Amino acid sequence: MSNTPPPDSINDSLKRLVGYLNFSSGSSDPAIAQLWNDVYDAASDSNPLTGTPAWIVLTAWIEETIDYLTKNEAAFAEVSQARHVSRLLLSDLLPAYMDYHRDLLFHQVPEVLFNGFFLDRAADALLQLYSQQSESNGAVPQESLGGLVDQAIAELNDFVGYRPVAVLENRKCQPYEHEFVRPIPLYVRDAGVSAGPYLELVAKTLAVLRDTDEHILRAASFNLDQLQELSLDPRAYDFDHPVNRRPNYHFGGWDDLRINGDGYYDRFVLRQVTLDALLSRVRDRELVDERGMSAEELLTEAATVLAGTILMASGISGWGPSAYSSDVTLSTLMKPIAQYRDAFYSDRLAKLTGQHRARLEEEQKLRRQPFGAARQRLNAALAERRAVQVQHVQLARLYARMGYPDASSRQIDVVPATSARMICRIDCEITLGLRSLRAGDLGQAVEVAPHVFDLIQRAIRCGALADPWDLIGFAGQFSLHPSPDCSVHDSRADDLLYLMDQLFSYMARVWSEAAAQNDGAVFLKISRLYRQVAEWWREFGAHTVKDFETTDPLESYDSAKMVAGALRIWHEGGAAAGDVKFWAPHADFFDSPRAYSLVIAALLERNDFL
């Protein structure tokens, strides 16, 4: 706990928060959200002095405030709800949330994920659940408190972005629970802009949008009066994900799961890669010190470009579910979006004055577009990020397959994309398992298979790999828009098929080695796992899709079982197994050319040339 006392300026805010925690049933209130923002900002400011994370500081402040009110205010004689909820929020929920998203948000630090507005939303969720428990059971027992955290995380995770799902006759497909996250609120209506690294940029951007011509906003399907929350998608930006071939998706978009009573989307979600790229120019000391540009001018340009990207992204989805008719396609949207984008930047340039406008007009002649330097800097930053991802991912996978996991990890650490990291981990695991096989360590080798299977399932559940149901539902395609001509190849399907083929091949190899060495325990364990994985994978029907070169997993299982059985007999036969006559009683193994080739290949690998 921190010993740093809270500033006098927020003592009243802390008391009001404790009252909210103790007496509220979790009704959303912008005034409370503003309180959370203020006290979390103050706790963050104490960090440079103490080095203690803000939520730890805040935990101490709230507990001290509860103790003070209990002793000095008669209304706070009973504070069990405030104590329970504050501890659940600050001590239990935050680390549990990080653990829940250990695959999807491994690249994020808590200081970015958990701002004051996030705590407000989390506290609301906990208070609603706590109140429901209290109404049902009276006082909430201690053993029931842990379950509230899991339920609150499920309530918080309410955003997945654009995610097409397959429509199948016998199954209702939906995104997996671990694909959903809670966007980080940067602006909440009537509560203001969140404190933190994006404060000035977001505040300036909202001011630009408020000052934008109404005709441009209408053309962009953006109604600022309907915006309840502006948030940040905390997931890593993955250039290889097919969703990012959807126009302007990397700039953000309306959350199609948040629709208000008037039929409008009311939460807009930005991408972190865009904000970070724009801020990098604002903080570029060379532009300020050597070229004489003021920080205020750079912030204005960054906010203008961010506002422009918001309007471009809004034009793709429209203001609500009924914004576009069924005959609208992505290609028909591109021309009007380009027109109102150009009108927006020209309008913003016309509203500037003095030296700033003169400099941008000269810049426009050189760059061939208004605000060209800031816009082209953003595009260059995104292109550079893509190049870095491609380079480091390919190197990481190469090192993994060569058997250098440490070198692979150093490369993949540069890239925050979840899919790249998890695929490299799987490659490393299989490579290390093959190394154990060559060393004759069957015990270590057999443990790799279930671990790889678990990693594949986790990658599917968090969206790093394609949903297996999409293999038969979309046949390896990814729909960018409901219109039939807007699909692209989903490379994640290729990754999933490759990884499953690697896993089956690895398990067959371990099974064969266990049979050849007559290791009964490993033989039984791997045979059961192979059967389990094969039955799980067969359910998705990838082998029935003609566009995929993959076999029926149960046929692969039968083939591996046949080879393992033959090798077990070969081992038990000892020296006699080197004679062709030895195989006469076991001719049933050779019931097809494929079976013959598999058994013969396995024997040749063990130098039984006769």
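# Exercises on a predicted model

At 1% relative accessibility, Phe114 counts as buried. The structure is a predicted model. Each exercise below has a worked solution.

**Exercise 1. Find the ring that pairs with Phe114, and say how the two rings are set.**

Step 1. Begin with the whole structure: a search finds 22 aromatic pairs. One of them joins Tyr97 and Phe114.

Step 2. Tyr97 belongs to helix α5 (residues 80–100). Phe114 is in the loop between α6 (110–113) and α7 (116–137). They are 17 residues apart, so the pair links distant parts of the chain.

Step 3. Check burial. The cut-off for buried is under 20% relative accessible area. Tyr97 has 0%, so Tyr97 is buried. Phe114, at 1%, is buried too.

**Exercise 2. Work out the strand order of the open sheet, and name its edge strands.**

Step 1. Strands of a sheet pair through backbone hydrogen bonds, either parallel or antiparallel.

Step 2. Take β3 (residues 184–188) and β5. Four bridges join them, and they run antiparallel. Ile184 stands opposite Leu232 of β5.

Step 3. Move to β5 (residues 229–233) and β7. Here five bridges join the strands, which run parallel. Leu230 faces Phe268 in β7 across this pairing.

Step 4. Two bridges pair β6 with β7 in the antiparallel sense. Gly253 has Val269 of β7 as its bridge partner.

Step 5. The five strands run β4-β3-β5-β7-β6, and the pairing is mixed. The edges are β4 (192–193) and β6, each of which pairs on one side only.

**Exercise 3. Is strand β7 buried or exposed, and what covers the question of its two faces?**

Step 1. In a regular strand the side chains alternate between the two faces of the sheet.

Step 2. Sort the residues of β7 by face. Arg267, Val269 and Arg271 lie on one side. Phe268 and Leu270 lie on the other.

Step 3. Test each side. All of these residues are buried, and both faces are covered.

Step 4. Conclude. Five of the five residues of β7 (residues 267–271) are buried, so the strand is largely enclosed by the rest of the structure.

**Exercise 4. Find which ring lies under the charged end of Arg271.**

Step 1. Start at Arg271, on a covered face of β7. The charged end sits over the ring of Tyr249, 4.3 Å from the ring centre.

Step 2. Look at another such contact. Arg246 lies over the face of Tyr162, at 4.1 Å from the ring centre.

**Exercise 5. Describe the largest cavity and its lining.**

Step 1. Rolling a probe the size of a water molecule over the atoms shows where empty space is left.

Step 2. Count and size. The whole structure has one cavity of 30 Å³ or more. The largest cavity holds about 50 Å³ of space.

Step 3. List the lining. Among the lining residues are Pro164, Ala466, Asp470, Phe474, Phe478 and Asp490.

Step 4. Trace the elements. α20 (469–474) and β8 (477–479) each supply at least two lining residues. α20 gives the most, with three.

Step 5. Sort by class. The lining has six nonpolar, two polar and two charged residues.

Methods:
Residues are numbered from 1 along each chain as its sequence is written. This is a predicted model: local features need pLDDT of at least 70, side-chain atom pairs count only at pLDDT 80 or more; totals for chains, interfaces and linings use all residues. Side-chain values use heavy atoms; hydrogens and water are left out. Buried means under 20% relative accessible area, exposed over 50%, partly exposed in between (1.4 Å probe, protein chains only). Two strands pair if DSSP finds at least two bridges between them. Rings of Phe, Tyr and Trp (its six-membered ring) pair if their centres lie within 6.5 Å; planes under 30 degrees apart count as stacked, over 60 as edge-to-face and the rest as tilted. A charge sits over a ring if NZ of Lys or CZ of Arg is within 6 Å of the ring centre and within 35 degrees of the ring normal. On a 1 Å grid over the protein atoms alone, a cavity is a set of points where a 1.4 Å probe fits but cannot get out, and a pocket is an open set with protein on both sides within 12 Å along at least five of seven lines; lining residues have an atom within 4 Å of a point. Grid points are joined across faces, edges and corners, and a volume is the space filled by probe spheres set on the points. Ala, Val, Leu, Ile, Met, Phe, Trp, Tyr, Cys and Pro count as nonpolar, Asp, Glu, Lys and Arg as charged, and the others, Gly among them, as polar.
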